[in-house]
Amino acid sequence: MTKDVLVSISGMHEEIVAVTPEVEEDENEAIEVVTPATYYLKNGKHYIVYEEVVEGTSGVIKNRIKINGDECVEIVKSGLSNSHMIFEKNKKNQTFYKTPYGQMLIGVNTRHLQVDFEEDKIAVQIDYELDVNHEPMADCKIRMNIVSKNSGKFSVLS
């Protein structure tokens, strides 16, 4: 894997709370971000670092993804929003999610975690239940593809 990579992150959530007929099905569609990033390997752990621009503000969110084998993935956000989400197979972790609008206690109960490593590509699949302030909110999926910029292996996740 080279230092310069492209990251494709797709996230989807399905509300656990009762959905009224007025709610559009479009609200459960995947949201995908594709961005350049920096990759490095340190002490057997894979790190991906990138910045996320937030529309309507002058600030950014700095993101760090840490992949520890196929057992644990951490996503750390700092800047306009701050959080440290830890995804471990069959384990629930909690963190505070700080936004410009206030702070929430977030729980992630990881149901499925799969990481596939290739020479110029890392593919991550995470399925988890999200709760906010101890109330179940959504079943979520995250899909990530991290590929060397010049490998020709980049593909959109849709």
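Biologist: Why is Gly 69 called partly exposed in this predicted model?

Modeller: Gly 69 has a relative accessible area of 27%. Buried means under 20% and exposed means over 50%, with partly exposed in between. The value of 27% lies in between, so Gly 69 is called partly exposed.

Biologist: Where is Gly 69 placed, and what does Gly 69 contact?

Modeller: Gly 69 is in the loop between strand E4 (60-68) and strand E5 (72-79). Leaving aside neighbours within four places in sequence, Gly 69 is in contact with Val 115 and Phe 117. Gly 69 and His 46 are 23 residues apart in sequence, and their C-alpha atoms are 8.2 Å apart in space.

Biologist: What makes Ser 83 buried?

Modeller: The relative accessible area of Ser 83 is 5%. The cut-off for a buried residue is under 20%, and therefore Ser 83 is called buried. Not counting residues up to four places away in sequence, Ser 83 touches Ile 75, Val 76, Lys 77, Phe 96 and Tyr 97.

Biologist: Which residues of E6 are on the covered face, and which are on the uncovered one?

Modeller: Ser 83 lies in strand E6, residues 83-88. The covered face of E6 holds Ser 83, Met 85 and Phe 87, while His 84, Ile 86 and Glu 88 are on the uncovered face. In a regular strand, side chains alternate between the two faces of the sheet.

Biologist: How do you know that E5 and E6 are paired?

Modeller: Two strands pair if there are at least two bridges between them. E5 and E6 have six bridges in the antiparallel sense, so they count as paired. A hairpin through three residues joins E5 to E6.

Biologist: Why are E6 and E7 said to stand at the edges of the sheet?

Modeller: Ten strands form an open sheet with antiparallel pairing, in the order E6-E5-E4-E3-E2-E1-E10-E9-E8-E7. E6 and strand E7 (92-99) each have a single partner strand, so one side of each is left without a neighbour in the sheet. From one strand to the next, the twist averages 30°. The chain has ten strands and zero helices.

Biologist: How do you know that E9 is mostly covered?

Modeller: Eleven of the twelve residues of E9 are buried. Buried means a relative accessible area under 20%, so a strand with eleven such residues of twelve is described as mostly covered. For the chain, buried residues make up 35% of the 158 residues.

Biologist: What joins E9 to strands E8 and E10?

Modeller: Strand E8 (residues 102-117) and E9 run antiparallel and are joined by eleven bridges; in E9, Tyr 128 is the bridge partner of Thr 110. E9 also pairs in the antiparallel sense with strand E10 (residues 135-148), over twelve bridges. Val 132 stands opposite Glu 135 in E10. The hairpin of E9 and E10 has two residues between the strands, and there Asn 133 takes a positive phi near 50°.

Biologist: Which residues have the most contacts inside the largest nonpolar core?

Modeller: They are Ile 48, Ile 65, Ile 67, Val 73, Ile 126, Tyr 128 and Met 144, in a core of 28 residues. Strand E9 (residues 121-132) gives the most to this core, with six residues. In soluble globular proteins, nonpolar side chains tend to be buried together.

Note on methods: Residues numbered from 1 in each chain as written. Predicted model: local features only at pLDDT ≥ 70, side-chain atom pairs only at ≥ 80, totals over all residues. Heavy atoms only, no water. Helix = DSSP H or I, 4+ residues; strand = E, 2+ residues; numbered from the N terminus. Buried < 20%, exposed > 50% of the residue type's maximum accessible area, 1.4 Å probe, protein only. Contact = heavy atoms within 4.5 Å. Axes fitted to C-alpha atoms, helices over the stretch in contact; angles between N-to-C directions. Core = buried A, V, L, I, M, F, W, Y, C linked by side-chain atoms within 4.5 Å.
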